[in-house]
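Hi,

Here is the structure I said I would pass on.

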Amino acid sequence: MTNEQKNHSWIKLVVGIVVFIVADFLLLKYTPVGSWLMPENLQALKQQAGVFAPLGYIVIYFFATLFAIPGTILTLSSGALFGAIWGGLWTAIGATLGATGAFLVARFIAGEWVKQQFEKGDRLRELSQGIEENEFWFALSIRLAPIFPFNAVNYLLGLTPISLPVYILATAIGIVPGTFAYAWLGQGGLQAATGRPPWQLFGALAMLAVLSALPIVLKWWKAKNG
């Protein structure tokens, strides 16, 4: 493959990601979706839903993930609404279900078109090779130390040979640390905003810092151990 072909493939990948980001921004900025995801509105929905609030939250997160809407605000809100433990649990369930839906869309509905866009590039081939070598640990490492944004990984892995059960298991396990860290951050932020000591907020930020450094640590460990 020539350098020109590689560059062309990367340009298409970048353009695709930019289109996703712009579309999400417009959706959140100029439609009611953005206001629906605000913590105060979610709190009102929680009170209205009563015991069905967790189920409603999971459904909302499922569709947000399926349509590649960034879930950071939702995850933070889950900690403020349900607490770090329950909020993290409901988020993990919703995110795993949504990621599974996106995976199935890529594999059975939009897969051929997406493959045509990126089949000349190296990235999808590298992902497929990693999956073929050890599908569970490769997928788990991506979830724990993500190379791509969460929503992009959902669709890209749908184009690889990974089996659905392994994908679901690796996703469900791999997203747990980051999910609970953001839920904890939401709970800590709410407590700090109401005048309570911000120790939980600092703890959540420290945990996120550790998770952010994980890719660097893994890269160093891999280089050291050859």
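Tyr-57, Tyr-61 and Phe-82 form one aromatic cluster (rings of Phe, Tyr and Trp, the last by its six-membered ring, pair if their centres lie within 6.5 Å; planes under 30 degrees apart are stacked, over 60 edge-to-face, the rest tilted). Keep in mind that this is a predicted model: local features need pLDDT of at least 70, side-chain atom pairs count only at pLDDT 80 or more, and totals for chains, interfaces and linings use all residues. Numbering starts from 1 along each chain as its sequence is written, and side-chain values use heavy atoms, without hydrogens and water.

Tyr-57 and Tyr-61 both sit in helix 4, 4 residues apart, about one turn of the helix (helices are DSSP runs of H or I with at least four residues, numbered from the N terminus). Tyr-57 is buried at 4% relative accessible area, and Tyr-61 is buried at 8% (buried means under 20%, with a 1.4 Å probe and protein chains only). Tyr-57 also pairs edge-to-face with Phe-82, at 5.7 Å centre to centre and 65 degrees between the planes. Since Phe-82 belongs to helix 5 and Tyr-57 to helix 4, the pair ties together parts 25 residues apart in sequence.

As for the two helices, helix 4 (residues 53–66) and helix 5 (residues 72–82) pack at about 175 degrees, with axes 12 Å apart (axes are lines fitted to C-alpha atoms over the stretch in contact, and angles run from 0 to 180 degrees between N-to-C directions). That makes helix 4 roughly antiparallel to helix 5 (an angle over 145 degrees).

Cheers

Methods: Angles under 35 degrees count as roughly parallel, over 145 as roughly antiparallel, 65 to 115 as roughly perpendicular and the rest as oblique. Buried means under 20% relative accessible area, exposed over 50%, partly exposed in between (1.4 Å probe, protein chains only).
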